[in-house]
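Okay, everyone, thanks for coming.

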Amino acid sequence: MRLILLGPPGAGKGTQASAIVKRYNIPHISTGDIFRMNIKENTPLGKEVKHYLDAGLLVPDELVVDIVKDRIKKSDCKNGFLLDGYPRTIKQAEVLDEELAKMGTKLDAAINIFLDTQLLIERAVGRRLCKNCGATYHIKFHPPKQQGICDKCGGELYQRDDDKEETIKKRIEVYINQTKPLIEYYKNREILVNIDGSQSIENTFDQIINALEK
Ligand code: AP5
């Protein structure tokens, strides 16, 4: 399965990605996670992209496309992959299509999770992540058993810098202007799958699996 996950910030892409990759035994490739890891480790790439993430803006295409091109050629992607948060512009989508065509393959589905703006803000503001294993929680919708502590590994939970309300509003605006046009792009290629992200985590996952396996 070669899949991409589309949707506005806070729609539930990362949450669903964790379950989808387990089911299909494919790698989860999140460009947002790659950037955050580089920022944490203070690499040259991290230094270059930090201000874009802090401001809620997209990292320029030229800093993203080669990372993904290299990543999908790795041996663990032989039987497929799930791209979470890539592509985010028409240019990125075109580069991906070209690269896959060179590899003699193509995407199987573009999963588009849609959700009302107010709920997006509530989900992003309440999100908490484990510093140690990256597991995602929500203070209201998916709380850990013990406040501030990861259920899976006991790590400390934190809030992402770009999950402040003002930055989230900016990210949603950027999504509408630069990423939403991809819905039409993949609809025209007849691989678009629309998923209602307002349902529970389990119901959203069921919708995705039903659509992929029907
Ligand atoms: P990225 O990390 O990709 O963030 P995003 O797209 O803004 O998405 P989020 O991670 O905010 O949300 P999500 O949809 O994964 O939601 P989640 O599952 O966590 O990108 C960050 C930044 O990196 C960008 O702003 C940009 O600067 C840069 N970047 C990354 N890729 C790029 C690219 N290709 N090009 C250029 N720049 C790029 O869920 C949210 C919360 O809701 C969680 O707390 C969760 O527990 C909860 N939740 C999830 N599902 C449900 C549910 N069904 N019911 C109740 N609660 C739920």
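Which backbone has a polar atom 3.3 Å from a nitrogen atom of the ligand? That's isoleucine 201, and the atom in question is a polar backbone atom. Before I go on, keep in mind that this is a predicted model.

So let's stay with the ligand for a bit. Taken alone, the ligand exposes 1100 Å², and the protein buries 96% of that. There are 34 residues around the ligand, and the ones that come nearest are Thr15, Leu57, Arg88, Arg127 and Arg171. Which elements give two or more residues to that shell? You've got α1, residues 13–24, then α2, 31–40, then strand β6, 136–138, and finally α9, 201–213. The largest share comes from α2, with 4 residues. If you sort the shell by type, you get 13 nonpolar, 13 polar and 8 charged residues.

With arginine 36, an N or O atom in the side chain is 2.9 Å from an oxygen atom of the ligand. With arginine 123, a polar side-chain atom lies 3.2 Å from a nitrogen atom of the ligand.

Now let's move to a pair of residues that touch. Glutamine 16 lies in helix α1, and threonine 204 is found in helix α9. Is glutamine 16 buried or exposed? Glutamine 16 has a relative accessible area of 4%, and the cut-off for buried is under 20%, so it counts as buried. Threonine 204 is at 3%, so that one is buried too. Leaving out neighbours within four places in sequence, glutamine 16 is in contact with Ile113, Ile201, Thr204, Phe205 and Ile208. What does the side chain of threonine 204 reach at 2.7 Å? The backbone oxygen of serine 200.

Next, a bit of helix packing. Two packed helices are described by the angle between their axes and the distance between the axes. For helix α7, residues 165–179, and helix α8, residues 181–188, the angle is about 40° and the axes are 6 Å apart. On the α7 side, the residues that meet the other helix are Tyr175, Ile176, Asn177, Gln178 and Thr179. On the α8 side, they are Pro181, Leu182 and Ile183. That contact divides into 5 nonpolar residues, 3 polar and no charged.

While we're on α7, have a look at isoleucine 168, which lies in that helix. Its relative accessible area is 0%, which means it is buried. Setting aside the neighbours within four places, isoleucine 168 is in contact with Ile121, Ala124, Val125, Asp162 and Asp163. Isoleucine 168 and glutamate 122 are 46 residues apart in sequence, and C-alpha to C-alpha they are 9.8 Å apart in space. For another pair, take lysine 91 and valine 125: 34 residues apart in sequence, and 30 Å apart in space, again C-alpha to C-alpha. Lysine 91 sits in helix α5, and with a relative accessible area of 47% it is partly exposed.

Then there's helix α4, residues 61–71. Which of its residues are buried? Leu63, Val64, Val65 and Val68. They pack against α2, α3, β3 and α5.

Last stop, some backbone details. Most residues other than glycine have a negative phi, and most peptide bonds are trans. Where do we see something else? The peptide bond from tyrosine 86 to proline 87 is cis, with omega near 0°, and proline 87 is in the loop between β3 and α5. Asparagine 42, in the loop between α2 and α3, has a positive phi near 55°. Glutamate 190 also has a positive phi, near 60°, and its place is in the loop between α8 and β8. At 73% relative accessibility, glutamate 190 counts as exposed.

That's my tour, so over to you for questions.

Key
Residues numbered from 1 in each chain as written. Predicted model: local features only at pLDDT ≥ 70, side-chain atom pairs only at ≥ 80, totals over all residues. Heavy atoms only, no water. Near = heavy atom within 4 Å. Polar contact = N/O pair within 3.5 Å; in protein donor to acceptor, adjacent residues only side chain to side chain. Areas by Shrake-Rupley, 256 points an atom, 1.4 Å probe, with all protein chains shown as cover. Nonpolar A, V, L, I, M, F, W, Y, C, P; charged D, E, K, R; others polar. Axes fitted to C-alpha atoms, helices over the stretch in contact; angles between N-to-C directions. Contact = heavy atoms within 4.5 Å. Buried < 20%, exposed > 50% of the residue type's maximum accessible area, 1.4 Å probe, protein only.
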